[in-house]
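Subject: Structure for your review

Dear colleague,

Please find below the structure that I am handing over to you. My findings follow after it.

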Amino acid sequence: MSTSSAEPRRGAGTDAAAVRPPIREALVAAAFRLFVERGYEETTVDDIVALAGVGRRSFFRYFPSKEDVVFPDHERCLADMKAFLAAAPEDADPVRRVCDAARLVLRMYAENPEFSVQRYHLTKKVPGLRAYELSVVWRYERALAEYLHARLGGRPDGILHADVIAAAVVAAHNNALRSWLRSRGRDDAGAAVDHALGYAQSVFGDVPVPPRGAVPEDVVVVAARRGTPLWQVVREIETAFARD
C-alpha cells in the first residue's frame, strides 16, 4: 500500500535550487525537523509553514490541526482497510480477513522506518499525541469490529465475539509493531506481526459462519392461519418432529 509519509531529514532546508517536494510532504518534513530540534510543544503552525515556505491556509488545507501533521497517513490507511474488508468474499474466514487488514497498517509504518521511529518517540513524550494516537487505534479497531459484526452478528453472542476478536487482533498487531519500533526499525517487522497475528488466529480462527439466509437444520417452521387453535399448532409441530 502506498503512503504519503515524508521522511524527515536533519538539515533539509528550503534550498531554492532543489526540486521542491509536494506541499503536503514539505509540511510533514518541516514539522518533524522542528519537532526534533525544538520540541513539539515549542513548535507552532507558523514555524512549520515558514520553514516549508507556504502559507497558513496551505497547512490547514491538508491538516486540520498540528496533531494531524504527526499522523499524515492514517486517514488513507483507514480508508484502505475499510475497502479491503468490504471486498472480502462471502466465504472468507472472517478472522483471517481482519488479520490481513491489520497488516495494511504495518505496511504503512514499515515503508518509512525512520519517520515511524521518530513519531513513536515523539508520541511517547507528548501526552496529547498519545491520546490522539489512541483515538486513531480505536478507529481501526471499530473498522474491524464492524466487518465482524456483519459476519458474526447472527450467531449467539456474535457481537460480543466480534468485539473481542477485533480488540485481540489490534492488541496483537500493536504489540509486535511497538517491539519493532523499539528496535528502531532494525528487526523484521513482517515476521514479528505475522507471529503475533498467527497467535490471534490460533485462538479465534476458523469461526464457523453460516451462509447468509441459511436456516439451521434443527429448526422446524410451521405455517398456520391466524386463529388456528393452539392445540392444532402443537399437533403439527409434534408430527413434524415425529417424521424426523
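The expected span of a helix is 1.5 Å times one less than its number of residues. In this predicted model, helix α5 (residues 74-86) has 13 residues, and its first and last C-alpha atoms are 18 Å apart, close to the expected 18 Å. The buried residues of α5 are His74, Cys77, Leu78, Met81 and Leu85. These residues lie on the same side of α5, because they cover an arc of only 100° around the axis. In general, an α-helix has 3.6 residues a turn, so residues three or four places apart point the same way. The partners against which the buried residues of α5 pack are α6 (94-110), α7 (113-125) and α8 (127-152).

The structure holds 1 cavity of 30 Å³ or more, and the largest cavity has a volume of about 40 Å³. Its lining consists of His74, Glu75, Leu78, Val136, Arg139 and Tyr140, with at least two residues supplied by each of α5 and α8. By type, the lining comprises 3 nonpolar, 1 polar and 2 charged residues. His74 and Leu78 line this cavity and are also listed with the buried residues of α5.

Yours sincerely

Methods
Residues numbered from 1 in each chain as written. Predicted model: local features only at pLDDT ≥ 70, side-chain atom pairs only at ≥ 80, totals over all residues. Heavy atoms only, no water. Helix = DSSP H or I, 4+ residues; strand = E, 2+ residues; numbered from the N terminus. Buried < 20%, exposed > 50% of the residue type's maximum accessible area, 1.4 Å probe, protein only. Arc of directions from axis to C-beta. Contact = heavy atoms within 4.5 Å. 1 Å grid on protein atoms, 1.4 Å probe; cavity = no way out; pocket = protein on both sides within 12 Å on 5 of 7 lines; lining within 4 Å. Points joined across faces, edges and corners; volume = space filled by probe spheres on them. Nonpolar A, V, L, I, M, F, W, Y, C, P; charged D, E, K, R; others polar.
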